[in-house]
Amino acid sequence: FQAEDGIRDVERSRGLGDVYKRQVKSEEDYVLLGSTWVDNPSESDLWLQKVDKDGNILWSKKYNELTSNWGKSMLLTEDGFVIAGYTSDGRNSDFWLLKVDREGNKIWSRTYDNEYDIVSCITDTKNGFIIVGFTTHFPPTQMNVMIIKTDKNGKEKWRKIWGSDEKDEVAESICKADSGFMIAGIVVIEKEKADLLLINIEERY
């Protein structure tokens, strides 16, 4: 993992098939988010590990809902962590929000069904969370941006799907802006050609 100054000062291998996507610094330790294959490449668990500044494992937890489970983005909260990912049975894939305490014990878990949905990231709001990604059909065809707003307990407040039938739109990140939240992604114009996508969400949402 990377130190706060961006210099890699500790490097530890966790084994083949382990994918780390995010890290959050918790006090003097680090919490790593990713996924690990279970028996074969079609089965995976969301994986959370807490390590000290020297890379020693303090605890390690795995979580699952369906056959394939992926962690994509994570927030540090007052009492633990909120993780955004997606869970799939191979034909359907749902946005997934997971809340754990500082020791990795599950507090609650929520899935948000649509069709075939992939989470990109999460941010917090005054009274909950916003998770973004894209939704499509199976097998994947047209992709559109999907945005879901929840309360602090993961209960869905609203969802919006943005896009058209002619182009693929995918949300990649979200950040807080003066007027609310800015979502960045890409719009695929044609094969091997894409434009930047920006969506602004007002704070009142």
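This is a predicted model: local features need pLDDT of at least 70, side-chain atom pairs count only at pLDDT 80 or more; totals for chains, interfaces and linings use all residues.
Residues are numbered from 1 along each chain as its sequence is written, and side-chain values use heavy atoms, with hydrogens and water left out.

On the overall make-up, the protein chain has 15 strands and zero helices, where strands (E, at least two residues) and helices (H or I, at least four) are DSSP runs numbered from the N terminus. Of its 205 residues, 47% count as buried, a word I use for under 20% relative accessible area, with exposed meaning over 50% and partly exposed what lies in between, for a 1.4 Å probe and protein chains only. The accessible surface comes to about 11000 Å², and 46% of that belongs to carbon and sulfur atoms; these areas come from the Shrake-Rupley method with a 1.4 Å probe, and for residues only the protein chains shown count as cover. If we take contacts (heavy atoms within 4.5 Å) between residues at least 6 apart in sequence, 38% of them join residues at least 24 apart.

Now to the interior. A nonpolar core here is a set of buried Ala, Val, Leu, Ile, Met, Phe, Trp, Tyr and Cys residues joined through side-chain atoms within 4.5 Å, and the largest one has 14 residues, with I130, V132, V145, I147, I174 and I183 making the most contacts inside it. The elements that give two or more residues to this core are strand 10 (128-136), strand 11 (144-151), strand 13 (168-177), strand 14 (180-190) and strand 15 (193-202). Leaving aside neighbours within four places in sequence, I183 is in contact with residues including V132, I147, I174 and L197. Apart from this core lies another, of 13 residues, among them V82, F95, W108 and I148.

Not counting residues up to four places away in sequence, T125 touches I130, K149 and F181.

How do strand 14 and strand 15 run relative to each other, parallel or antiparallel? They run antiparallel and are joined by ten bridges, where pairing requires that DSSP finds at least two bridges between two strands. G180 stands opposite E202 in strand 15, and in the hairpin, which has two residues between the strands, E192 takes a positive phi near 65°.

Finally, the structure holds four salt bridges, each a side-chain nitrogen of Lys or Arg within 4 Å of a carboxyl oxygen of Asp or Glu. In one of them the side chains of D29 and K50 meet at 3.9 Å, N to O, linking strand 2 (residues 29-37) with strand 3 (residues 44-51) across 21 residues, and both partners are buried. In another, D79 and K99 meet at 3.0 Å, N to O; D79 lies in the loop between strand 5 (68-77) and strand 6 (80-88) and K99 in strand 7 (residues 93-101), so this pair ties together parts that are 20 residues apart in sequence. Here D79 is partly exposed at 41% relative accessibility, whereas K99 is buried at 8%.
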